[in-house]
Amino acid sequence: MSGFNMRPNHKPGNPFSIDPVCGMKVDANQPPVQWVFQGQEYHFCSDVCKQLFQREPQKYIKVEAG
């Protein structure tokens, strides 16, 4: 799969976020790929995960009941 990177994307001790598609830890200060959706910034480990998210964001967004 082109654009898929299985190398760790953060250094131990640095703040991280979780790629909503694959669950991989991503450096929160310098994410490999990011995208803003409905005012929320999302961080991804690769372009592949970003593209999957863009196709079906509702599948990956955790919606809290209000």
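**Close-up views of a predicted model**

View 1. The side chain of His-43 takes part in a polar contact of 2.8 Å with the side chain of Ser-17, and another polar contact, of 2.7 Å, joins it to the side chain of Glu-41. When residues up to four places away in sequence are not counted, His-43 touches a set of residues that includes Ser-17, Ile-18, Asp-19 and Pro-20, as well as Val-26, Val-33 and Gln-34.

**View 2. The largest nonpolar core.** In soluble globular proteins, nonpolar side chains tend to be buried together. The largest nonpolar core here has 10 residues in all, among them Met-24, Val-26, Val-33, Phe-37, Tyr-42 and Phe-44. At least two residues of this core come from each of three elements, namely β3 (33–37), β4 (40–44) and α1 (47–55). Phe-53 also belongs to the core, and, leaving aside its neighbours within four places in sequence, Phe-53 is in contact with Pro-20, Val-21, Trp-35, Phe-37, Tyr-42, Phe-44, Tyr-60 and Ile-61.

**View 3. The buried side of helix α1.** Which residues of α1 are buried? They are Val-48, Cys-49 and Phe-53, and because they cover an arc of only 135 degrees around the axis, they lie on the same side of α1. An α-helix has 3.6 residues a turn, so residues three or four places apart point the same way. The buried residues of α1 pack against β3, β4 and α2.

View 4. A disulfide is a covalent bond between the sulfur atoms of two cysteines, and the structure holds zero disulfides. For Cys-22, the nearest cysteine sulfur is that of Cys-45, at 3.7 Å, and because a disulfide is counted here only when the sulfur atoms are within 2.5 Å, Cys-22 is in no disulfide. Cys-49 is likewise in no disulfide, with the sulfur of Cys-45 as its nearest cysteine sulfur, 3.8 Å away. Is each of these two residues buried or partly exposed? Cys-22 is partly exposed, with a relative accessible area of 38%, whereas Cys-49 is buried, with a relative accessible area of 2%.

**View 5. Pro-57 in helix α2.** Pro-57 is placed in helix α2, which spans residues 57–60, and at 10% relative accessibility Pro-57 counts as buried. Although Pro-57 and Val-21 are 36 residues apart along the chain, their C-alpha atoms are separated by 9.3 Å.

Technical notes: Residues are numbered from 1 along each chain as its sequence is written. This is a predicted model: local features need pLDDT of at least 70, side-chain atom pairs count only at pLDDT 80 or more; totals for chains, interfaces and linings use all residues. Side-chain values use heavy atoms; hydrogens and water are left out. A nonpolar core is a set of buried Ala, Val, Leu, Ile, Met, Phe, Trp, Tyr and Cys residues joined through side-chain atoms within 4.5 Å. Buried means under 20% relative accessible area, exposed over 50%, partly exposed in between (1.4 Å probe, protein chains only). Helices (H or I, at least four residues) and strands (E, at least two) are DSSP runs, numbered from the N terminus. Contact means heavy atoms within 4.5 Å. The arc is that of the directions from the helix axis to the C-beta atoms. A polar contact is a pair of N or O atoms within 3.5 Å; within protein, one must be able to donate a hydrogen and the other to accept it, and residues adjacent in sequence count only if both atoms are side-chain atoms.
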